[in-house]
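Hello,

Please open it first, then read the notes below.

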Amino acid sequence: MPPLSPEWQGQNVSYLFEAIATIHATLDRYISRNRSGTEPEQTDATPSLAARATTLTPQPMLEQLVEIFGLTPFERSLLLCCAGQAIQPNFPKLLAIAHDDNALNYPTFQLALQCFAHPHWSALTEERPLRRWQLLRWVEHPELSRARLHIDEAILHLLMGEPYRDPALAAMVIPVAGPTVPIALQPSHQQILTQVVALLQAAQGRQPLVQLCGTERAVQGAIAQQVGEQLHCPVYQLEGSAIPSDRAELRQLIQRWQRWVKIRPSLLVVEIDPSLNQSSQPPLTTPFLQTVKVPLLVITDERLPLNHPVVVTFEVNGLRYSEQLQLWQAAWPDAPGEFQGDLARLASQFRLSAAMIQTASTTVQADPNLSTAEPNDCAQRSAIGDCAQRSAISDRLWDFCRAQARPKLEGLAQPITVNATWEDLILPPREKNLLRQIITHVRQQAQVYQAWGFAQQQRGLGLTALFAGISGTGKTTAAEILAHELKLDLFRIDLSAVISKYIGETEKNLRKIFDAAEVGGAILLFDEADALFGKRTQVRDSHDRHANIEVSYLLQRMEAYQGLAILTTNLKENLDQAFLRRLRFILNFPYPNAPERSQIWQRAFPKQTPTQGLDFERLGQLDVTGGNIKAIALNAAFLAAAAGQPVTMQHILAATKTEYWKLGRSLTNVEIRDWDVD
C-alpha cells in the first residue's frame, strides 16, 4: 500500500466521524421514540456520505473494510457503533440511555437489532465477518446477544487511517526487510523464482503451497523476497517454532493472519526446523500449513508430506559448477590461462554462494602481501603477475574457501588433525600407487567431469574408496595423507551417533552429514563401515525392511556425493556386494611382514626423542601391526622419561609386554630372540 497523504488522512478521519454521527442520530431517534412514542423527523445522511466517499482516492478506510469483508448495512452500523464507543466520550452515556440501564453503557447486539436498519440475526454468527474476522469482540456473557461488544484494536487504528498492524501477530510474524545489496540470483535459482511467481499469479481461489527445500537459506530467503517484489506484496516470516502447539491458539493465529491478508495482501514465509518435531510439545506445523490457505512459501531442509490440494516442491540446491566458475572468472577478469585451471578446481571442490565467492576474491585481492597494485587501484587488484604470485594467490584462495566451507558436523563426526605424510606410511607399491590415483581423481574432477563432459554421461560422480585390513595396518594414516595432499578437512564419522534404532533416524543423520560435507568437499572417513554398509538381509519384519532402506539410501548418497568418501573395514567380505560394485577404489592393507615392521619402527620415534641401542631389525621380529608399534613406542617413551633415560630395548620390551597383555597374547621367545636385554 503506497504512503497516504496528510490530506487523505484528514479527510478519512472526517468521513469516519460523520459516519459515526449518523449512528449517534439513529440512537437519538430510538431514544426519542421510546420516550415520546412518536417517530422524530429523520434525515438520511447516507447518500451524502456515499457521495463524499467517491471523491476520495483511495476510498475512506471504512468503505474499504465494508468492501473487503462484504459487510451488510446492518453490520456496518454495528461496526460504527463500536467505533463511536471507542473514540467519542458521549457514546457510553448515550448507550446507557438507549438501554435504559446505566450499567449497560456499551454496545450490544440486542440493542443493535432494535436500533439499526435492515437487522439480521446472522450477523451474530461465527460465519459472518464481524465474528469470523474478529472485527468486533464479544465479552463472555451468559446471553450472547447481551454481551458487551468492542471493536478490535487493529481495526480501530485502521479505520483512523493508520498503517495496519496487528498486536496479536507482532511477536510471531516478522516483516522481512530486503538486503542492502539485493542478492543476484543465478540462472538455476532464477528459474525457480520465475516458476513460483507464475504459480502464485495463476492461483484462482485455490492457493498452492510452495515448498523451497534445501539447506541454502540465503538463496531460499532471496527467492522468497523477490517473489514478494514481483507480486508487489510485502513479505513476512513466521518461524516454525512460533507456531502454537495448542489447537485454540493455532486457530487464533490462522484467523488473524487470514484477516491480515484480506486487508493487506502479503506473502508469508514459514521456515521449518525439523528438530522441533522431536520436542515434548511440537508445534502444529502440518495443521497450520494445511489450513491457513493464503499465499505461502515453506522453507525447509526436506519436503514435508502434506495433505494439501496443491503442493509444489522445488529443490533449492547450491550453485552449479558452471555458475560458480562464471562468478570466479568475473571476480578475476585478468587472470592468465594457468590461473583459470585453479579457478575451475575451486568451483569443482567447494559449493560456495555468490556472496562468498565475491568475499573470498575481494579479501585476497585486498591483501597487500599478494597484490602488486596500489591500495586504491581497483582496476589492477585482480591482475596476477609471475608464477610465484599466482601460486600464492591460488593457495590463499583455497585456504579461505576451505575455512569458510568447513562443514558443521557437531555430534555426528569427529575432525581429525592431519599430520601424516608419505614417510609415515609403509605399504606395498601397488597400494601407494592407488592412493596417488585417488589424489589425481580429486584434483582433475573439473577437467574430466566438466571440461571433458563426463558429468553428462556418468550417473554417479561420487568418489568412494574402501580401505580393507585389520586394525593398525595404516588405514587412518592413509586417509590423513590424502587429506594433507589435497588440503582438505578430514572427518571420522561417529557411527554410534549416526545409527539409530528409530525408523528413519539413521537416514536423517546421514543426510545431515552429506549435506554439510557437500559445501566444503570434506573427506569423510566411515570407520568400521560394515556396521553401516553390511549385507542386506531378507525381509522378515519391518526392521529388516527399514535396515535395507538405510543401505539403499546410503548407496544413493554415496553416488551423488562429489567429495571423497573413505570406508574402512576389518572384514571386507561382510560388505554388501551391491555396494562394492559402486566403489571406485579398493585398497587392501596387508599385515606387515618383518622388513616392513622394521621400517615402521624406524619411524615410530620422533627425531627429538633420545634413543640408545635400538635394533630395528630385531624389533621387526615383533608380530604386531603398525598401530600396535605406535602404542608400544609411546609407552616405552613414558617409561624412559620416568627413569630419566633415553629409550632403550629394555623400555620397549616392558612396553611390549603391556601391549600384548592388552591384546590377550603372550610374547614368544622367537619374537625376542637375540635381544640383548636382561
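How many aromatic pairs does a search of the whole structure find? The search finds 12. Rings of Phe, Tyr and Trp (its six-membered ring) pair if their centres lie within 6.5 Å; planes under 30 degrees apart count as stacked, over 60 as edge-to-face and the rest as tilted.

Before the details, some ground rules. This is a predicted model, in which local features need pLDDT of at least 70 and side-chain atom pairs count only at pLDDT 80 or more, while totals for chains, interfaces and linings use all residues. Residues are numbered from 1 along each chain as its sequence is written, and side-chain values use heavy atoms, with hydrogens and water left out.

**Aromatic rings**

One of the pairs is F74 with F109. The geometry is edge-to-face, with 5.9 Å centre to centre and 75° between the planes. F74 lies in helix α4 (residues 73–87) and F109 in helix α6 (residues 109–115), so the pair ties together parts that are 35 residues apart in sequence. Helices (H or I, at least four residues) and strands (E, at least two) are DSSP runs, numbered from the N terminus. F74 is buried, at 0% relative accessible area. F109 is buried too, at 0% relative accessibility. Buried means under 20% relative accessible area, exposed over 50%, partly exposed in between (1.4 Å probe, protein chains only).

There is also an aromatic cluster, formed by Y164, Y236, W257 and W260.

Two arginines sit over rings. R131 lies over the face of W138, 5.4 Å from the ring centre. The charged end of R665 is over the ring of Y660, at 4.5 Å from its centre. The test: NZ of Lys or CZ of Arg within 6 Å of the ring centre and within 35 degrees of the ring normal.

**Whole chain**

The chain has 30 helices and 14 strands. Of its 678 residues, 46% are buried. Contact means heavy atoms within 4.5 Å. Among contacts between residues at least 6 apart in sequence, 76% join residues at least 24 apart. The chain exposes about 33700 Å², and carbon and sulfur atoms supply 51% of that. Accessible areas come from the Shrake-Rupley method with a 1.4 Å probe; for residues, only the protein chains shown count as cover.

**Helix packing**

Helix α1 (residues 6–36) and α4 have axes that come within 9 Å and cross at roughly 105°. That makes α1 roughly perpendicular to α4, a label for angles of 65 to 115 degrees (under 35 is roughly parallel, over 145 roughly antiparallel, the rest oblique). Axes are lines fitted to C-alpha atoms, for helices over the stretch in contact, and angles run from 0 to 180 degrees between N-to-C directions. On the α1 side, the residues are Y15, L16, F17, A19, I20 and I23. They meet R76, S77, L80, C81, A83, G84 and I87 in α4.

T656 is in helix α30 (residues 649–663). T656 is buried, at 0% relative accessibility. Not counting residues up to four places away in sequence, T656 touches L622, I632 and L667.

T464 is in strand β10 (residues 463–468). T464 is buried, with a relative accessible area of 3%. Leaving aside neighbours within four places in sequence, its contacts are M558, A565, L567, F579, L583, R584 and F585.

E143 is in the loop between β1 (136–138) and β2 (149–151). E143 is partly exposed, at 43% relative accessibility.

Best wishes
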